[in-house]
Amino acid sequence: MTAIKHALQRDIFTPNDERLLSIVNVCKAGKKKRNCFLCATVTTERPVQVNVVKVKKSDKGDFYKRQTAWALRDLAVVDAKDAVKESPEFDLHFDKVYKWVASSTVEKNTFISCIWKLNQRYLRKKIDFINVSSQLLEESVPSGENQSVAGADEEVVDEYQELNAREEQDIEIMMEGCEYAISNAEAFAEKLSRELQVLDGANIQSIMASEKQVNILMKLLDEALKEVDQIELKLSSYEEMLQSVKEQMDQISESNHLIHLSNTNNVKLLTEIEFLVNHMDLAKGHIKALQEGDLTSSRGIEACTNAADALLQCMNVALRPGHDMLHAVKQQQQRFSDLREQFSRRLASHLNSVFVQQGHDQSSTLAQHSAELTLPNHHPFHRDLLRYAKLMEWLKNTDYGKYEGLTKNYMDYLSRLYEREIKDFFEVAKIKMTGTTREGKKFATLPRKESAVKQETESLHGSSGKLTGSTSSLNKLSVQSSGNRRSQSSSLLDMGNMSASDLDVADRTKFDKIFEQVLSELEPLCLAEQDFISKFFKLQQHQSTSGTTTNEVEEMDGVALSRSYTSGVPQTVSSEKDMIRQMMTKIFRCIEPELNNLIALGDKIDSFNSLYMLVKMSHHVWTAQNVDPASFLSTTLGNVLVTVKRNFDKCISNQMKQMDEVKISKKSKVGILPFVAEFEEFAALAESIFKNAERRGDLDKAYIKLIRAVFDSVEKVANESQKTPRDVVMMENFHHIFATLSRLKISCLEAEKKEAKQKYTDHLQSYVIYSLGQPLEKLNHFFEGVEARVAQGIREEEVSYQLAFNKQELRKVIKEYPGKEVKKGLDNLYKKVDKHLCEEENLLQVVWHSMQDEFIRQYKHFEGLIARCYPGSGITMEFTIQDILDYCSSIAQSH
């Protein structure tokens, strides 16, 4: 190692003006053994800089090279891993932690000791040496390599030392007294020797003179020792005396501790007794109120409520450990249980009697509501019962079995009471809808009333049934061919009672009002009862539900409810909100069937009533859902709305079915088809009903279905018609449809309106061209030949040279169509068109005007051919365009 050190000093550090103080052979921990040297060096120039240098042997030769250098001032921690057990591993914390394994523990310790000395000598900074033996961190180290390292460094520092001021002054005085010392050093040395002998003699004499003083001092020390012995004896006696006092004080302290402990226990016992007395003692007034309190008066109910709350507090007091083992506590708890049971039984019996009494009073008021479309008001009944709400909450918390029993009894009784009231209410609504009277008779049993209403509605349905009763009439519908179109129109309107004028609009309005009144009466009734149930039975209306769906609520019949409330354990529903809905379902179980019966009756009276019911029911469902989407009212009205929607869809389907089944007579003329007029009536009625309605989307869907069915049926009838030309059927009916859609302005049918207009225009043009034909037939044939010659390549001005198409032939043909003949032909054409068209749509003048325009177009075409093919011939028609206009006007006025 020494040879390596000298080699490193010579080759690496001397050229850099550095001295190598310590070296250690190391390799990196955890890696392949590739040895290198860590060197501690100092610079030879001041200020001295201390470095730790990593030296590695070159791969290409035997020489060493400097790889990395760290300044000692950057070293933060030196970790020797273990201060007791020898280990070659150590860590140096510079900018990061460098883990090393030395070749031997001695080298590692020597290197760490050198680092510590260099830090103490040059840096004086805080370097943490952890897990390092204290022997390595000493200022002076025994002989060896460490001493030589430190000594070598000190030699450099101590080569020259300056004299201080005092030394310099003494030397000057001595030199002044010995001026010859410079020339005669021996004389100077002899003088110094003599003076030293004098000083030694003076010192010996001084020591001998002080012997007497030493003897005196020794005597004084002996006397002091004797005094110390006496003091020790006194202290021993005092200690014995204090020992007895200590024993007495210990006894007193123990006695005081026992007294304090006794007082503490007494205070704790008093605290426990006061706790039990204060929390488990029920006042005599409360006991008397629970045993004998008046449950009929407001003051008595309040006293019983306060007493019940006090009893509940006493029963629910949180006893401390061990209290329940006390005999007095057990007796008091048994007493409280007896009081609770006695009062619960008395309260339940009284509330059951209140239910019966209030129900009896309520039943006595039914007669005055029987003739009116109103439901009895239960507010007084609810107001009287709400006085017991706090007692019901107490009963729910203390005796859930009796609470369940009261709940079941309330539901059983109220369901019968409401069933009577609601059925009578709906009976009045049905009678008012059918327009019959009772003739002073009181209500009979329900089956008899329903039978009477059924007979009455069936008798009324034969005359007022619009769509369902008219199916057979539509199937047998045929258009009568007669000259009197007015009488024909009247016969069409009479068939099947399909015109809006034949329906009693007042009846529909009356039905709408009655249905709205029924819903308006039911809604506050259900909301008031639900609010009362939540307050009286202390159930939360707005807590989160557990996901019970509407279908699940509908399936909860009376049996399921009864099982839920009589099982003797807490209800199986997931929340109190579900319990409210179940109670409401049990109490008002007759509402949904009665509403469905009323809806069926309204639909049977007039299928168009489903439009009124859909709008009204949708509005009430929307209102109920805004209040509480999961309430009984919202659920029930939602279920009924499904039925109403089905009836509405059924009404639309029936109309489409009737359109599809329409047949026409082969011998009858077809005018405006009945289902076209029916669609107009339906759309007008629907627009008035669904104005600003929530379910407008349902109507728009129905419109699309109906209008497509109308279009298809018109096409079908037009194709089957034999008496009336197809174009006339299409033209008149699509004109009527276009006029209806234009008047009603139905936004979802804009495309159909344009389509109807296009069909009307196309078939009008087609009919005009087909009916007008060629009024100047021979002239038409002549000019067709002319156009054929031109098409073959003959120039137009050379056509007159053709034998068959010369000027003489043209004059002959023109002479066959004088104005009188033209007028006669137009008059026959007018009569023919008049027979084809119907009076209801009044399109005769429109068609006639179109024919007039078409005839003038043909006339202008002929004149153009004459001008081009027979220029300068002077040939003209026997009549003019003005003559055509006069003929057409005269014919129209004459008819």
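Is Leu 311 buried or exposed? Leu 311 is buried, with a relative accessible area of 0%, where buried means under 20% relative accessible area, exposed over 50%, and partly exposed in between, using a 1.4 Å probe and protein chains only.

Before I go on, the housekeeping. This is a predicted model, so to speak of local features we need pLDDT of at least 70, and side-chain atom pairs count only at pLDDT 80 or more, while totals for chains, interfaces and linings use all residues. Residues are numbered from 1 along each chain as its sequence is written, and side-chain values use heavy atoms, with hydrogens and water left out.

Okay, the overall picture. The chain has 32 helices and eight strands; those are DSSP runs, H or I of at least four residues for helices and E of at least two for strands, numbered from the N terminus. Of its 895 residues, 42% count as buried. Take contacts, meaning heavy atoms within 4.5 Å: among those between residues at least 6 apart in sequence, 71% join residues at least 24 apart.

Back to Leu 311, then. You'll find Leu 311 in helix H8. Leave aside the neighbours within four places in sequence, and Leu 311 is in contact with Leu 282, Leu 290, Phe 336, Leu 339, Arg 340 and Trp 394. Pick Leu 339 out of that list: it sits 28 residues from Leu 311 along the chain, and their C-alpha atoms are separated by 8.3 Å.

Helix H8 runs over residues 298-315, and Thr 305 is in there too. Thr 305 has 6% relative accessibility, so it counts as buried. With neighbours within four places left out again, Thr 305 is in contact with Lys 390 and Leu 391.

Glu 529 is buried, at a relative accessible area of 0%. What does Glu 529 contact, leaving aside its neighbours within four places in sequence? The list is His 382, Tyr 410, Tyr 418, Met 584, Ile 587 and Phe 588. As for Met 584, it is 55 residues from Glu 529 in sequence and 8.0 Å away in space, C-alpha to C-alpha.

Next stop, helix H21, residues 591-605. Its 15 residues, at 1.5 Å a residue, should span 21 Å, and the end C-alpha atoms are 21 Å apart, so that agrees. The expected span here is 1.5 Å times one less than the number of residues. The buried residues of H21 include Glu 594, Gly 602 and Asp 603, along with Leu 595 and Leu 598.

On to a helix pair. H30 (residues 819-836) packs against H31 (residues 844-869) at an angle of about 145 degrees, with the axes 11 Å apart. Axes are lines fitted to C-alpha atoms, for helices over the stretch in contact, and angles run from 0 to 180 degrees between N-to-C directions. Who makes the contact? From H30 it's Val 822, Leu 826, Leu 829, Tyr 830, Val 833 and Asp 834, and from H31 it's Leu 844, Gln 845, Val 847, Trp 848, Met 851 and Phe 855. By class, that contact has ten nonpolar, one polar and one charged residues. For the classes, Ala, Val, Leu, Ile, Met, Phe, Trp, Tyr, Cys and Pro count as nonpolar, Asp, Glu, Lys and Arg as charged, and the others, Gly among them, as polar.

Most residues other than glycine have a negative phi, and most peptide bonds are trans. Arg 46 and Pro 47, though, are joined by a cis peptide bond, with omega about 0 degrees. Pro 47 is in the loop between strand S2 (36-43) and strand S3 (50-57).

Lys 81 is not a glycine, yet has a positive phi of about 75 degrees. Lys 81 lies in the loop between strand S5 (77-79) and strand S6 (89-93), and counts as partly exposed at 33% relative accessibility. Asn 131, not a glycine either, has a positive phi of about 60 degrees. Its loop is the one between strand S8 (128-130) and helix H3 (145-158), and at 35% relative accessibility Asn 131 counts as partly exposed.
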